Amino acid sequence: MPSFASHTKSNAARLAEAARLLSVKAYQEAHRECLEVLKTDPGNAEAFYLLGILTSDHANFAKAEELFAKAAHLDAGHAGARAQRARCLLALSRRTEAVAAARDAAALAPSDAFTLDTIGVVLSRAGLHSEALPFYARAAAANPENADHHYNHAAALQFAGEMEAARAAYRRCAEADPDDTRGIPAIVQITKQTAEANEISALEQMFAQHSGDADALLRAGHALAKTYEDLKQPVEALDWLGRAKALKRTQIRHEASADAALFEAAMRAGDTLRGRTSSATGAPIFICGMPRTGTTLLDRILSSHSAVTSGGELTDFALCLKRLAKTPSNLVLDPETLEAVSRVDLTALGEGYMHSVRTSLGLSGRFTDKMPLNILLAPVILAALPEARVICLRRHPADTVLSNYRQMFATSFSYYNYAYTLEDTARYYAGFDRMVRHFEAALPERFMVVHYEKVVTGIEPQTRRMLDFCGLPFEAQCLAFHENEAPVATASSAQVREPLYASALARWKRYEAGLSPALDILEAAGCLDPAERTRG
């Protein structure tokens with residue numbers, strides 16, 4: 001009979017082989033090795049940890065979370081198991097538990113890059129960007145050959161406003177992997193391109209080399225479009241946007257009718273809640289509207305006030321509603337869930353939201369929540385949180401369509417799938433416009449519309465108006481929003497660190513000829529004054 005020592009050695013070899021097999025996605029063989037270990041050592045924490053990795057790779061996060069929890073129970077010092085459990089909890093929309101698990105992992109002072117990077121990912125996705133930054137830095141230092149670690153570190157630096165350091169980290173990402181299509185495009189997005197200094201050659205080569213990779217084409221093509229915009233060549237910029245989105249557009253499943261159904265359900269939800277309220281306390285300020293219309297700018301203005309903290313883009317309210325509605329769909333925000341609000345306990349909804357943001361983000365007092373999609377929930381928010389305020393940002397319809405079309409949204413976030421064609425983006429705007437007009441007429445005085453153009457051309461009167469709406473005294477530092485040092489995890493992370501500028505106003509005029517299909521739709525829907533268009 002083999003000795004205990006030989007079993008230990010054999011199991012260690014099997015676990016090492018299982019880890020190697022996982023790294024090359026040989027899942028069946030890795031699974032077999034782990035089970036062999038558990039036959040002779042049923043309490044082996046590492047075997048459960050590796051099975052958790054395998055399971056999470058297959059997106060079965062509920063089962064993976066159980067496996068990582070088992071590994072952490074068997075080995076209290078296994079930081080990796082705690083970090084990976086945190087990642088699964090986040091995927092399961094259990095953010096408070098995820099943050100706690102990530103902090104437990106961090107307390108064990110891990111040194112391996114994978115665990116450090118995972119802790120950073122969990123904290124940053126939970127909105128704790130400053131807390132995440134040192135973990136990304138340590139991961140990149142521990143494994144400098146890994147492009148992913150450099151990319152995550154660079155993005156965190158960008159959110160923190162450390163642009164030079166971010167550019168350097170993005171460059172290291174590109175250098176670590178010759179096939180990487182993230183680093184150079186990211187540099188372009190945060191760096192003014194000129195005729196003398198640009199990445200056109202590298203990006204065109206990247207676009208050609210990755211012709212079958214829809215996400216790579218999005219990154220390279222959007223970067224080229226941004227370059228030509230910087231070079232004041234709008235025709236070329238719009239052409240590259242079309243080329244960038246072409247392949248991805250064939251892969252996504254998007255129907256304009258789905259957007260229309262969501263807007264209709266949001267209006268009906270508001271009508272069914274009229275007169276209902278809750279006893280939940282808390283006075284958050286929700287900043288919403290369509291993306292790329294100035295929501296980050298408003299967030300920076302308001303959170304520069306001494307009494308207001310920025311909460312970032314939070315999904316908490318929609319998640320709390322989904323849990324209480326108990327609708328079976330796999331979408332957090334859909335017509336079915338909006339139609340279920342009539343049977344939801346509004347006090348439980350408001351209290352659940354406040355508990356969620358307080359426990360995981362540590363927010364207290366007045367804070368902002370700038371998730372743009374919360375506009376669909378505006379009536380529900382005001383019913384569930386009687387002290388809350390909702391500010392809806394609006395921007396010129398043609399500029400809104402253009403800014404959404406030229407933005408590369410996260411491909412995993414299906415709610416913005418309208419932005420792959422100008423026509424669908426215009427149809428989405430028309431539905432949004434109709435819904436907001438309905439809300440303006442139907443909602444109480446705690447709902448306010450702010451126009452981006454008015455903020456840009458008259459920041460002080462608009463700031464005073466917003467602060468008065470929120471019951472806050474005027475403070476001059478709100479006008480110096482660009483000096484706010486808090487992290488910004490949106491596409492506007494570079495712009496909002498600069499003083500206000502008017503160059504984005506009426507940008508659509510420079511692209512007008514190429515925008516004709518979208519402008520026709522806006523005009524037909526009554527969103528665009530025909531007199532604004534150039535004819536002939």
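The model is a predicted one, so please read every value below as computed from it.

| Helix pair | Angle between axes | Axis separation |
|---|---|---|
| α7 and α8 | about 160 degrees | 8 Å |
| α21 and α25 | about 140 degrees | 10 Å |
| α6 and α19 | roughly 10 degrees | within 8 Å |

Let us take α7 and α8 to start with. Helix α7 covers residues 113-125 and helix α8 covers residues 129-142. Their axes pack at about 160 degrees. Because an angle over 145 degrees counts as roughly antiparallel, α7 is roughly antiparallel to α8. The crossing of α7 past α8 is left-handed. On the α7 side, the contact is formed by Ala113, Leu116, Asp117, Ile119, Gly120, Val121, Leu123 and Ser124. Facing them in α8 are His129, Glu131, Ala132, Phe135, Tyr136, Arg138, Ala139 and Ala142. Sorted by class, this contact holds ten nonpolar, three polar and three charged residues.

Next come α21, spanning residues 397-405, and α25, spanning residues 516-524. These two helices pack at an angle of about 140 degrees, and that makes α21 oblique to α25. Here the crossing is right-handed. Helix α21 brings Pro397, Ala398 and Val401 to the contact, while α25 brings Ala518, Leu519 and Leu522. What classes do the residues of the contact of α21 with α25 divide into? Six are nonpolar, with no polar and no charged residues.

The last pair is α6, residues 95-107, with α19, residues 346-361. Their axes cross at roughly 10 degrees, and the two helices are therefore roughly parallel to each other. From α6, the contact uses Arg95, Thr96, Val99 and Arg103. From α19, Ser356, Val357, Thr359, Ser360 and Leu361 take part. The residues in this contact divide into three nonpolar, four polar and two charged.

**Around helix α6**

Staying with α6, have a look at Glu97, which sits in this helix. Its relative accessible area is 36%, so Glu97 is partly exposed. Setting aside residues up to four places away in sequence, Glu97 touches Arg85 and Leu89. Glu97 and Thr359 are 262 residues apart along the chain, yet their C-alpha atoms are separated by 9.3 Å.

The loops on either side of α6 are worth a visit too. Ser93 lies in the loop between α5, residues 79-91, and α6. Although Ser93 is not a glycine, its phi is positive, at about 65 degrees. Ser93 is partly exposed, with a relative accessible area of 26%. Ala109 lies in the loop between α6 and α7. Ala109 is another residue other than glycine with a positive phi, here near 50 degrees. Is Ala109 buried or exposed? Its relative accessibility is 57%, so Ala109 counts as exposed.

**Two buried loop residues**

Now for two residues in other loops. His210 is found in the loop between α12, residues 200-209, and α13, residues 214-230. With a relative accessible area of 16%, His210 is buried. Apart from neighbours within four places in sequence, His210 is in contact with Asp179, Thr181, Ala216 and Leu217.

Ala340 is found in the loop between α18, residues 335-339, and α19. Its relative accessibility is 1%, so Ala340 counts as buried. Leaving out neighbours within four places in sequence, Ala340 is in contact with Ala325 and Thr327. Ala340 and Pro372 are 32 residues apart in sequence, and their C-alpha atoms are 21 Å apart in space.

**Cysteines**

Finally, a word on cysteines. How many disulfides does a search of the whole structure find? The search finds zero. Cys470 is in no disulfide, and the nearest cysteine sulfur, that of Cys478, is 10 Å away. At 3% relative accessibility, Cys470 counts as buried. Cys173 counts as buried as well, at 0% relative accessibility.

Technical notes:
Residues numbered from 1 in each chain as written. Predicted model: local features only at pLDDT ≥ 70, side-chain atom pairs only at ≥ 80, totals over all residues. Heavy atoms only, no water. Axes fitted to C-alpha atoms, helices over the stretch in contact; angles between N-to-C directions. Helix = DSSP H or I, 4+ residues; strand = E, 2+ residues; numbered from the N terminus. Parallel < 35°, antiparallel > 145°, perpendicular 65-115°, else oblique. Left-handed = near helix turned anticlockwise from the far one by under 90°. Contact = heavy atoms within 4.5 Å. Nonpolar A, V, L, I, M, F, W, Y, C, P; charged D, E, K, R; others polar. Disulfide = S-S within 2.5 Å. Buried < 20%, exposed > 50% of the residue type's maximum accessible area, 1.4 Å probe, protein only.
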